[in-house]
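Please look over the structure before reading the points below.

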Amino acid sequence: MVAFSAIEWCTHTCNPWIGCQKVSPGCDHCYAETRDLRFHGGVHWGPGAPRHRTGAATRNAPLKWNREAEAFRAEHGHWPRVFSGSLCDLFDNAVDPIWRRDHWAVIRETKNLRWMLLTKRIGNVIGMLPEGWLDGGFDHVGMMITVVNQAEANRDVPRLLDLPMSGNQWRGVSNEPALGPVDYTRIVCTNRHGFGGTYDALRGVWRPGDDEGALVRHPRATVLDWIVWGGESGDD
């Protein structure tokens, strides 16, 4: 259990399980895989590798953080931010769905926390959202994706922006590791809401085709609320 995280943009990390596999160039120097190799011989990483469910004390630690959140907010001026997960992916289809269901229950119960769900599997999210996702029970949750270059941004940012979310939920990007330049004002995607061209994911406007002067705003335009940036890790 991590009482406080060393990650600058969160207060705590919570991992309902440990393990994953490489799905992106950004996984080449995965710190979580390195950690698993050090402490467990790497048995929880890779295709077909068993995921390890963490103990009840770790999985339920957010309940304690939630009870302490008022005091934290009084001292720091904001609610505690919880990153899930630093050693796994909540939308990994290689885990028992019951594990994910139990984690959703903890998230729903801890409304004094500000949950930050980070995934490299945005294509899996829509089929794994909990019952009641839009009924107000998860308004304290934000959804984030990992983006490492423009190609990933073009592929995954539109999927994130199209995800059904309530007005109080938010969308973000972890541009880590930054393996190449990314222009979030020119996300190339076709036929989104009937438009083609490039999409400004920061302002919610289109540039149809190559016409620099014709900016179009769609009534259902959504934008990124937050972007964090970081470099590559590892020795190479």
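A residue is called buried when its relative accessible area is under 20%, exposed when over 50%, and partly exposed in between, with a 1.4 Å probe and protein chains only. The model is predicted, so local features need pLDDT of at least 70 and side-chain atom pairs count only at pLDDT 80 or more, while totals for chains, interfaces and linings use all residues. Residues are numbered from 1 along each chain as its sequence is written, and side-chain values use heavy atoms, with hydrogens and water left out.

**Cysteines**

- The structure holds 0 disulfides, a disulfide being a pair of cysteine sulfur atoms within 2.5 Å.
- For Cys 14, the closest cysteine sulfur is that of Cys 88, and at 8.1 Å it is too far for a bond.
- Cys 14 counts as buried because its relative accessibility is 1%.
- Cys 10 is also buried, at 7% relative accessibility.

**Helix H5**

- Helices (H or I, at least four residues) and strands (E, at least two) are DSSP runs numbered from the N terminus.
- H5 takes in residues 97-109, 13 residues in total, and its first and last C-alpha atoms lie 19 Å apart. That is close to the expected 18 Å, where the expected span is 1.5 Å times one less than the number of residues.
- Buried in H5 are Trp 99, Arg 100, His 103, Trp 104, Val 106 and Ile 107. Seen down the axis, these residues fall within an arc of 160°, so they line one face of the helix; the arc is that of the directions from the helix axis to the C-beta atoms.
- Pro 97, Arg 101 and Glu 109 are exposed on the other side of H5.
- At the start of H5, a side-chain oxygen of Asp 96 comes to within 2.9 Å of the backbone nitrogen of Ile 98.

**Cavity and pocket**

- On a 1 Å grid over the protein atoms alone, a cavity is a set of points where a 1.4 Å probe fits but cannot get out, and a pocket is an open set with protein on both sides within 12 Å along at least five of seven lines; lining residues have an atom within 4 Å of a point.
- There is 1 cavity of 30 Å³ or more.
- The largest cavity is lined by Ser 24, Lys 120, Thr 146, Glu 152, Arg 155 and Asp 156. Helix H7 (residues 150-162) gives the most to this lining, with 3 residues.
- The largest pocket has a volume of about 630 Å³, a volume being the space filled by probe spheres set on the points, which are joined across faces, edges and corners. Of its 30 lining residues, Tyr 31, Leu 118, Lys 120, Thr 146 and Glu 176 are the closest to its centre.

How values were computed
A polar contact is a pair of N or O atoms within 3.5 Å; within protein, one must be able to donate a hydrogen and the other to accept it, and residues adjacent in sequence count only if both atoms are side-chain atoms.
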